[in-house]
Amino acid sequence: MSKAITPREQDYSQWYIDIVLKAGLADYSAVKGCMVIKPYGYALWENMRDALDKMFKETGHVNAYFPLFVPKSLFEAEEKNAEGFAKECAVVTHYRLKTDPNNKGKLMVDPDAKLEEELVVRPTSEAIIWNTYKGWIQSYRDLPILVNQWANVVRWEMRTRLFLRTAEFLWQEGHTAHATKQEALEETVKMLHVYGEFAENFMAMPVIKGVKSANERFAGAEDTYCIEAMMQDGKALQAGTSHFLGQNFAKAFNVTYLDKNNKQEFVWATSWGVSTRLIGALIMTHSDNEGLVLPPKLAPIQVVIVPIAKNEEQLAAVRARMQPLMDELKAKGIRLKFDDADNRTPGWKFAEYEMKGVPVRIAVGPRDLENNTVELARRDERTKEVKSMDGLAAGIEQLLVEIQENLYKRSIQLRETMITPVDTYEDFKKVLSEKGGFISAHWDGTSETEEAIKTETKATIRCIPLDQVAEDGVCIYSGKPSKGRVLFAMAY
RNA sequence: CGAGGUGUGGCGCAGUUGGUAGCGCACCUGGUUUGGGACCAGGGGGUCGUCAGUUCGAGCCUGGCCACCUCGACCA
C-alpha cells in the first residue's frame, strides 16, 4: 500500500477514491460499475444497518424478503415508476447456457432457453411487493402493513462512483400500506425523521429535511421527502428519501380493503430507503488528508491498542498489563483491537489506523509500563497525550462520546457556512461558481423555472425545507412572487 | 454515448535502437530491530490484455479487437 493519498484540495474526487481503496472499504471488481465491499467496509455497513434496523423495529416495522426478479408485466403496471426506471434496468431473458459448438471450451446462451416473460432485476421493489400485498390485504384489520426489506438492487447507471453510485448496491426499502391518507402521510414523515436522527446521531452528519420539487420526485410518488447533506467540497448529497405514494400502486395492482362500513377502498402507500451511498456521505463529511475519519458509534474498531515491545517478554508484559483495561472496555461494549502483529512496526500501525479512521489509539511500551501510563491519540483532532492507566476505561468511554459530538459539531459548523442566501440570479451564479454549498433563494414554484436554472447552471433544487420560513419575495429567475426560500445546490 | 487514460509478478511502476524481462512495496527464510509507514542477507513468483501481421527474432513496430479507470452527457 502506498503511503500517501491525494490531498483534498488538489483533487477532491481522487482523494475520495484513494480513501475508499486505501482504507480498505471497497475495491473495483471484474464487473463494470460494480464494487467489492471489503470486510472493513462491510463491517461499517453492518453497524449502520444494525442501528437503522433497531430504529425501524422500534417504530413498529418488521423485516421480510421479496424476490430479486420482477416479471416485466408487473414491473410496468405502475406506469410512471416503470418509465422512470426503464432506462437502467438489467433484464433476464434466458435461463440456461450451453457449450458453444463453434468455440471449444466456451459457453453460449442457449437460444432454446428463452424465458416466456422477461424478468427485470429489481431497481426497486414496489411492483413485486404491491403485487404481493394484494394477497395480504382484504380488510381494514389487515392494515397497516409495516414491512422493511434489506436487499440489493441493480440500476444500470451510465457512470458510477464507488459507494455514491454503483450499478448494484445494498440498501433497505420500507414498504408500508395504510387505510388512510393521513396515516400514510404520517408514516412518510415519521421515517424521514428516523433517517434524520440516524444521520445526525450515528453518522454525526447534519442534514436538511425537506420535500423534493416535482422534477426531483421519485417516479410513482405523490411526494418525496428527503434528507440532504452537504459534503466538504460544497456539493449536496441526497442521503435518504421517504416517499408518499398515494394510491398509485394500490390502483396499479388493484389493492383494496373493506372498511368498517363494508366499503371497498384503495390502500395508501409509502416507501423509504437508504443505501450504501451513506458510506460515501460519511467519508465526504468527516475524512481528511490522512484518511478516513469515523464517528465512534459506527466505527468497526473504536479503540486500537498498539503494543510497543522489543521482544516476546515485553509484549507479554504489555499484554498482561493491558488485559484488565481490555476486559473493562469490552464489558462496556467498546469495539477493541489489540494489534500484536509482529510483521509491522508501531509507526506503520499508527499510520494504518489513521487511514482506517479508528477514533482512539492507545500506544503502550516499556516506558509506559514503568510510568503506569499510555499514549492516547484521537483521530478527529490528531492529538495525543500521555494518560495515567488509572481510570482509563472510563476516560476512553467518555472520549468516544466527545469525539462523536466533536465530529457533529465540526460538520454542522462547516455546513452553516455553506448555506448562502441570495436574492438575485447574478448572485446565485456567483455563489455557485465561487463558493458552492446550499444556496437559499426564492423560487416561483414552477418546473419550467427549475429546469431553466438547471440547464443554465447545473444546479438543482435539493429540497423545500420542512422548516421553511414564510417570507414574501420574488423568484430569482422569473421575478414572479414566492412565499419562501428553497435550497439549490450542485449535487452528487 | 463523447473525450482522455491505462493494461508487464499480489500492488505501484520502468523497460533505450526490436535481441528472449527488471525495480520498489508486499510475500517466504534467517538475523538485527520496534515510541510515526525499520534494516541486512538469502529466496519464490511474470502465457508482458487479446488476436493477427511484419521480422531470423516482438513487451517494444503495424492493424484490429477487448477490458477497466477518470472526466463529461444521464441519474428516482
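**Ground rules.** I number residues from 1 along each chain as its sequence is written, and I letter chains from A and number ligands from 1 in the order in which they are written. In this predicted model I ask for pLDDT of at least 70 for local features and 80 or more for side-chain atom pairs, while totals for chains, interfaces and linings use all residues, and side-chain values use heavy atoms, with hydrogens and water left out.

**Entry 1: the largest pocket.** I looked up its volume and found about 1,500 Å³. A pocket here is an open set of points on a 1 Å grid over the protein atoms alone, where a 1.4 Å probe fits, with protein on both sides within 12 Å along at least five of seven lines; lining residues have an atom within 4 Å of a point. The volume is the space filled by probe spheres set on the points, which are joined across faces, edges and corners.

I then took the lining, 45 residues, with Glu88, Arg155, Glu157, Arg165 and Gln238 nearest the centre. It splits into 14 nonpolar, 15 polar and 16 charged residues. (Nonpolar is Ala, Val, Leu, Ile, Met, Phe, Trp, Tyr, Cys and Pro; charged is Asp, Glu, Lys and Arg; the others, Gly among them, are polar.) Domain 1 (12–286) and domain 3 (419–489) both contribute to the lining, so the pocket lies between them. Those bounds come from an automatic or database domain assignment.

**Entry 2: RNA strand B.** (Near means a heavy atom within 4 Å.) The surface has 16 nonpolar, eight polar and 20 charged residues. Helix α10 gives the largest share, eight residues. (Helices are DSSP runs of H or I, at least four residues; strands are runs of E, at least two; both are numbered from the N terminus.)

On the RNA side, 42% of the atoms within 4 Å of the protein belong to sugar or phosphate, the rest to bases. I checked polar contacts (N or O atoms within 3.5 Å). Arg165 puts a polar side-chain atom 2.5 Å from a base oxygen. Lys458 has a phosphate oxygen at 3.2 Å.

**Entry 3: aromatic pairs.** I found 17 in the structure. Trp45 and Trp150 have ring centres 5.9 Å apart and planes at 75°, so this pair is edge-to-face. It joins helix α2 (residues 39–58) to strand β9 (residues 145–154), 105 residues apart. (Rings of Phe, Tyr and Trp, its six-membered ring, pair with centres within 6.5 Å; planes under 30 degrees apart are stacked, over 60 edge-to-face, the rest tilted.)

Methods. Polar contact = N/O pair within 3.5 Å; in protein donor to acceptor, adjacent residues only side chain to side chain.
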